[in-house]
Amino acid sequence: MVSFDKFSGIIMKCLGGLYTVESPDGIFECRARGVFRNKGISPAVGDNVTVKNGVISAIEVRKNFLIRPPLANLDQIIFIVSTVSPVPNFLILDKFIAIAEYKKIEPVMIITKTDLGDGSSIRDIYSSIGIKVMEIDYSKNDSIQAVRETLRGRISAFTGNSGAGKSTLLNAVDSSLNIPTGEISRKLGRGKHTTRHAELYKLKDGGYIADTPGFSTFETNRYDIIRKDELADCFREFTEFTENCRFRDCSHTCEKGCAVIQAVHNGKIPKKRHESYCVMYDEAKQLKEWELK
């Protein structure tokens, strides 16, 4: 039996100052000690915690943390990208993949609505740089089973533009979840936000999954800020070329003798990815010092 005086567990949901904690002996609702607020720390979904007398008293060291929505200790982020309605926004997608790389969270891509549009261009870009890419066909159980295997035993988050099919896919992976899905807004061309808060769902085949709000309306600096001199490290396909640039402080945007730019010209780095990098680099240059802090 669990000791109600003290036990350890993982936070599954945070709502209204109450934290739902799963332990090996059950699920409990707890509050957090005020000392966390004094230290500028808030317990988050995915945190491994110690609970004493119904109050969260300690938070284990996190291996990673996303600011918004607050999620801790993720093994992977599953990017849901639809071929149509909404069409993929490669810049936003690349920004969020960069955040995942920056946080040392493995990015995985799942392409939906392949019956309505061609996902080959999306697949070719991201599989070529070493990101795992899967395509969903709901008429074929093998494609759903492949997602189940990817999620098994891991803490994952589903994210992507609203309306891309996150909740629909989650329900197909595990029908017991029964996550609400929303209609695509014809007027806006994007989905309505059906997910109101971050919450971990335990999968019957093992592992946890967080369904998160769509990121179409968010700016990446709400998730984290990547300095311009750290950005190239967040584009994994640049790694084998950056050491060969003529200048040590090369920005990889326009310099002569840049090995990254040459790799783009030679087709070794996808042009769209480099275009996203250049936009992100320019945005990073505009950041003020107070924003970086």
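This is a predicted model: local features need pLDDT of at least 70, side-chain atom pairs count only at pLDDT 80 or more; totals for chains, interfaces and linings use all residues.
In helix 2, the residues F90, L91, D94, K95, I97 and A98 meet K272, R273, S276, V279, M280 and E283 of helix 9.

**Where helix 2 meets helix 9**

- The axes of the two helices, helix 2 and helix 9 (residues 271-285), lie 9 Å apart and form an angle of about 70°.
- With that angle, helix 2 counts as roughly perpendicular to helix 9.

- E283 and K95 form a salt bridge, and their closest N and O atoms are 3.0 Å apart.
- Because E283 belongs to helix 9 and K95 to helix 2, this pair ties together parts that are 188 residues apart in sequence.
- E283 is partly exposed, at 36% relative accessibility, whereas K95 is buried, at 16%.

- E237 sits in the loop between helix 6 (228-231) and helix 7 (239-242), while R273 is in helix 9, so to speak a link between distant parts of the chain, 36 residues apart.
- Both partners, E237 and R273, are buried.
- Together with D94, the residues E237 and R273 are linked in a network of salt bridges.

**Salt bridges elsewhere**

- The whole structure has 11 salt bridges.
- One of them joins the side chains of D75 and K63, at 2.4 Å from N to O.
- D75 is in the loop between strand 7 (71-72) and strand 8, and K63 is in the loop between strand 5 (55-59) and strand 6 (65-66), 12 residues apart.
- D75 is partly exposed, with a relative accessible area of 27%, while K63 is exposed, at 52%.

**Backbone details to look for**

- The peptide bond from S85 to P86 is cis, and its omega is near 5°.
- You can find P86 in the loop between strand 8 (76-82) and helix 2 (90-102).
- K104 is a residue other than glycine with a positive phi, near 60°.
- The loop between helix 2 and strand 9 (106-112) holds K104, and this residue is exposed, with a relative accessible area of 71%.
- K113 has a positive phi near 60° and is a residue other than glycine; look for K113 in the loop between strand 9 and helix 3 (120-127).

Notes
Residues are numbered from 1 along each chain as its sequence is written. Side-chain values use heavy atoms; hydrogens and water are left out. Helices (H or I, at least four residues) and strands (E, at least two) are DSSP runs, numbered from the N terminus. Buried means under 20% relative accessible area, exposed over 50%, partly exposed in between (1.4 Å probe, protein chains only). Axes are lines fitted to C-alpha atoms, for helices over the stretch in contact, and angles run from 0 to 180 degrees between N-to-C directions. Angles under 35 degrees count as roughly parallel, over 145 as roughly antiparallel, 65 to 115 as roughly perpendicular and the rest as oblique. Contact means heavy atoms within 4.5 Å. A salt bridge is a side-chain nitrogen of Lys or Arg within 4 Å of a carboxyl oxygen of Asp or Glu.
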